[in-house]
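Dear colleague,

My notes on it follow below.

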Amino acid sequence: LGQSLLYGTNAQWRGEFFLRGTKRYLPHLAHLCLISTFLEDGIRMWFQWNEQRDYINMSWGSGTVLATLFVLLNMSGQLVGCVLVLARRFVPYACFGLFGIIFMQTVAYSILWDLKFLMRNLALGGGLLLLLAESRSEGKSMFAGVPTMDDISPRQYMQLGGRLLLVLMFMTLLHFELSAFTIFQDIFGMAFIILVAIGFKTKLAALTLVLWLFVINLVQNAFWNIPTYRPLHDFLKYDFFQTMSVIGGLLLVVALGPGGVSMDEHKKKW
């Protein structure tokens with residue numbers, strides 16, 4: 001028993017040492033991963049301008065002018081938002097702009113009726129919510145004067161909401177197949193998903209999910225192995241960068257912690 005406790009203590013100490021060592025660089029990596037899907041999509045719209053415009057025009061019968069304005073707004077909103085996030089300037093406004101982009105794409109590309117893509121878009125929104133929470137800890141609050149209850153600020157509710165929405169990404173990865181490896185993968189993933197959701201051992205659970213999701217992303221979404229002329233290339237590329245954005249959100253959980261609405265925080269009061 002003594003050896004087990006000693007091993008657990010040493011493992012926890014090594015984890016804390018790793019987090020302290022990467023604290024300086026982790027937020028920058030998290031931001032880059034988080035905005036990667038917006039950056040890739042904005043650049044792709046530049047190079048596929050005519051295809052994107054024609055798709056919107058054919059899907060909605062909006063006419064060339066409105067379709068062009070939609071693509072222009074979509075592209076510029078994503079690229080400008082990415083620049084602001086990376087520069088750490090006007091981050092809350094950049095987040096609200098990117099929230100708007102997610103909403104527009106959900107409606108325009110009929111994602112609302114595709115449960116898998118809808119859950120992934122919501123998970124992406126969870127990452128932005130965590131970024132918004134982080135921006136509240138840097139400088140003056142956007143919600144100054146908002147009353148709080150039990151010393152729990154709006155920022156901490158944002159962290160809770162962000163954690164819960166990130167969970168949706170992992171729900172799309174569960175297979176529920178009767179094979180030993182798949183069952184192990186589902187149980188393993190579900191266990192850490194629950195830990196992140198309730199905020200217990202949050203940083204360790206989030207870091208484990210980052211590593212797990214990164215490996216799955218490389219294996220399942222290897223778009224670089226597919227010729228560019230095949231539609232599967234674009235689908236895998238879209239999935240790859242969306243997953244990288246969720247990884248960015250989890251890295252923010254590692255950097256910021258779970259917030260006040262979590263078991264980790266309540267343990268400190270016990």
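How many residues does the largest nonpolar core have, and which of them have the most contacts inside it? Please bear in mind that this is a predicted model. The core in question has 51 residues, and those with the most contacts inside it are Phe38, Leu131, Phe170, Leu209, Leu213, Leu250 and Leu251. Two or more residues are given to this core by each of α2 (26-47), α4 (64-87), α5 (91-108), α6 (115-136), α7 (154-171), α8 (180-198), α9 (202-220) and α10 (231-256). Helix α10 supplies the largest share, eleven residues.

With neighbours within four places in sequence set aside, Leu209 is in contact with Phe170, Gly189, Phe192, Ile193, Val196 and Leu250. There is also a second, separate core, made up of seven residues, including Ala67, Phe70, Val71 and Ala108.

Next, the pairing of α5 and α6. Their axes come within 9 Å and cross at roughly 170°. Since an angle over 145 degrees counts as roughly antiparallel, the two helices α5 and α6 are therefore roughly antiparallel to each other. On the α5 side the contact is made by Val91, Pro92, Cys95, Phe96, Leu98, Phe99, Ile102 and Thr106. On the α6 side the residues are Leu118, Asn121, Leu124, Gly125, Leu128, Leu129, Leu131, Leu132 and Ser135.

Which residues does Ser245 contact, leaving aside its neighbours within four places in sequence? They are Cys33, Leu34, Ile35, Ser36, Thr37 and Leu124. Ser245 is located in helix α10 and is buried, its relative accessible area being 1%. Although Ser245 and Cys33 are 212 residues apart along the chain, their C-alpha atoms are separated by 5.0 Å.

Cys33 itself is buried as well, with a relative accessible area of 9%. Another cysteine, Cys82, counts as buried at 1% relative accessibility.

Two residues deserve a remark on backbone geometry. Most residues other than glycine have a negative phi. Ser110, however, has a positive phi, near 55°. Ser110 lies in the loop between α5 and α6, and with a relative accessible area of 41% it is partly exposed. Lys201, which is not a glycine either, has a positive phi of about 50°. Lys201 is placed in the loop between α8 and α9, and at 37% relative accessibility Lys201 counts as partly exposed.

Finally, a word on the annotation. The unreviewed UniProt entry carries the annotation "transmembrane region" for residues 67-86, 93-111, 190-219 and 240-261. How do the model's coordinates look over two of these spans? Residues 67-86 are 100% helix and 0% strand, with the end C-alpha atoms 29 Å apart. For residues 93-111 the figures are 84% helix and 0% strand, and the end C-alpha atoms lie 24 Å apart.

With kind regards

Terms used: Residues are numbered from 1 along each chain as its sequence is written. This is a predicted model: local features need pLDDT of at least 70, side-chain atom pairs count only at pLDDT 80 or more; totals for chains, interfaces and linings use all residues. Side-chain values use heavy atoms; hydrogens and water are left out. A nonpolar core is a set of buried Ala, Val, Leu, Ile, Met, Phe, Trp, Tyr and Cys residues joined through side-chain atoms within 4.5 Å. Buried means under 20% relative accessible area, exposed over 50%, partly exposed in between (1.4 Å probe, protein chains only). Helices (H or I, at least four residues) and strands (E, at least two) are DSSP runs, numbered from the N terminus. Contact means heavy atoms within 4.5 Å. UniProt positions are given in the numbering used here, feature names are shortened, and annotations may be inferred rather than shown by experiment. Axes are lines fitted to C-alpha atoms, for helices over the stretch in contact, and angles run from 0 to 180 degrees between N-to-C directions. Angles under 35 degrees count as roughly parallel, over 145 as roughly antiparallel, 65 to 115 as roughly perpendicular and the rest as oblique.
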